[in-house]
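Please read it with the structure open.

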Amino acid sequence: MKIGEAQKLYRAQRASLLEQKQKLLKKREDLEKKMNITPDGKEIYANEAARLELTLDAVTQRFDENQEVLDRLVEERVLVWNAEVSRQQSDVMQEKSDDMAKIMEVARRIGKGAKVPASDEKKLMDYSMEVYLAAKNLAMLNERKKREKYKSLWEDEDDRQRQEYDPQEKAENAGTSVGLPDTSPVEGVDEILSEGTALSDTPTE
């Protein structure tokens, strides 16, 4: 399963558990009010209160387990994201280093009096007018020599599509060992939530 898919499933499950937890807390609040206004209410509603508390604890535990998995998924996503950004930065540095070597080679060729493509000459000018002029001055000294003709050092790269980087997409589509969330109903929740707003109006002795 992909990290992005797992996060969606676990977030949906968390939302469902949070809703159940809020409803159970409201039930507990209503039951506490009922216990306080009913003579011997604590004894009369003790069983319902205990059942409600156990169910609330079970939902809370499931919610906490779900949150732990979500935290783990966030960590996995960040690791993939950082690795992709790091790779991108490394590739950019390598590209700059390669460009520098090519620019120096263009300067060397011009200095030898060779003919280089106008686009390569422009790259050298953009990099350093001083280096360009020095190469041109050196070329004048070598103008009587046979002039070689070169293709552009960037020709292949211009044809090649630049690699696209999307750390967000990479992180979402990375695999995870996390399984599907447990969507089975927590025991007792449906029964309690289907009862009246303050649980049963009939005291249980």
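**Notes on the fold, the helix packing and selected residues**

1. **Surface.** The chain exposes about 13800 Å², and carbon and sulfur atoms supply 51% of that area. Keep in mind that this is a predicted model. Of the 205 residues in the chain, 30% are buried.

2. **Elements.** The chain has eight helices and zero strands. Read from the N terminus, the order is α-α-α-α-α-α-α-α. Contacts across the sequence matter for reading this model. Take the contacts with a separation of 6 or more: residues 24 or more positions apart account for 86% of them.

3. **Main core.** Which residues have the most contacts inside the largest nonpolar core? They are Leu-24, Leu-31, Tyr-45, Leu-52, Val-59 and Val-189, in a core of 13 residues. Helices α1, α3 and α8 (189-194) each give two or more residues to this core.

4. **α3 with α5.** Two packed helices are described by the angle between their axes and the distance between the axes. For helix α3 (residues 46-111) and helix α5 (residues 129-141), the axes come within 7 Å and cross at roughly 25°. Angles under 35 degrees count as roughly parallel, so α3 is roughly parallel to α5. On the α3 side, the contact is made by Met-104, Ala-107, Ile-110 and Gly-111. On the α5 side, the partners are Val-131, Tyr-132, Ala-135, Lys-136, Leu-138 and Ala-139. By type, the residues of this contact are eight nonpolar, one polar and one charged.

5. **α4 with α5.** How do these two helices pack, and at what angle? Helix α4 (residues 118-127) and α5 have axes 5 Å apart, at an angle of about 130°. The two helices are therefore oblique to each other. Glu-121, Leu-124, Met-125 and Tyr-127 in α4 meet Met-129, Val-131, Tyr-132 and Lys-136 in α5. This contact divides into six nonpolar residues, no polar ones and two charged ones. Val-131, Tyr-132 and Lys-136 of α5 meet α4, and they meet α3 as well.

6. **Asn-137.** This residue is found in helix α5. Asn-137 counts as partly exposed because its relative accessibility is 45%. Its C-alpha atom is separated by 7.4 Å from that of Gly-111, 26 residues apart along the chain. Gly-111 is one of the α3 residues that meet α5.

7. **Lys-21.** Lys-21 sits in helix α1 (residues 3-37). Is it buried or partly exposed? Its relative accessibility is 22%, so Lys-21 counts as partly exposed; the cut-off for buried is under 20%. Beyond residues up to four places away in sequence, Lys-21 touches Leu-56, Val-59 and Thr-60. Val-59 is one of the residues with the most contacts inside the largest core. Asp-57 is 36 residues from Lys-21 in sequence, with a C-alpha to C-alpha distance of 9.2 Å.

8. **Asn-66.** Helix α3 holds Asn-66. With 4% relative accessibility, Asn-66 counts as buried. Leaving aside neighbours within four places in sequence, Asn-66 is in contact with Tyr-10, Gln-13, Arg-14 and Leu-17.

9. **Glu-76.** Glu-76 is also placed in helix α3. Its relative accessible area is 17%, so Glu-76 is buried.

10. **Asp-40.** One backbone angle deserves a look. Most residues other than glycine have a negative phi. Asp-40 has a positive phi, near 55°, and is not a glycine. Where is Asp-40 placed? Asp-40 lies in the loop between α1 and α2 (41-44). With a relative accessible area of 57%, Asp-40 is exposed.

Definitions and conventions:
Residues numbered from 1 in each chain as written. Predicted model: local features only at pLDDT ≥ 70, side-chain atom pairs only at ≥ 80, totals over all residues. Heavy atoms only, no water. Axes fitted to C-alpha atoms, helices over the stretch in contact; angles between N-to-C directions. Helix = DSSP H or I, 4+ residues; strand = E, 2+ residues; numbered from the N terminus. Parallel < 35°, antiparallel > 145°, perpendicular 65-115°, else oblique. Contact = heavy atoms within 4.5 Å. Nonpolar A, V, L, I, M, F, W, Y, C, P; charged D, E, K, R; others polar. Buried < 20%, exposed > 50% of the residue type's maximum accessible area, 1.4 Å probe, protein only. Areas by Shrake-Rupley, 256 points an atom, 1.4 Å probe, with all protein chains shown as cover. Core = buried A, V, L, I, M, F, W, Y, C linked by side-chain atoms within 4.5 Å.
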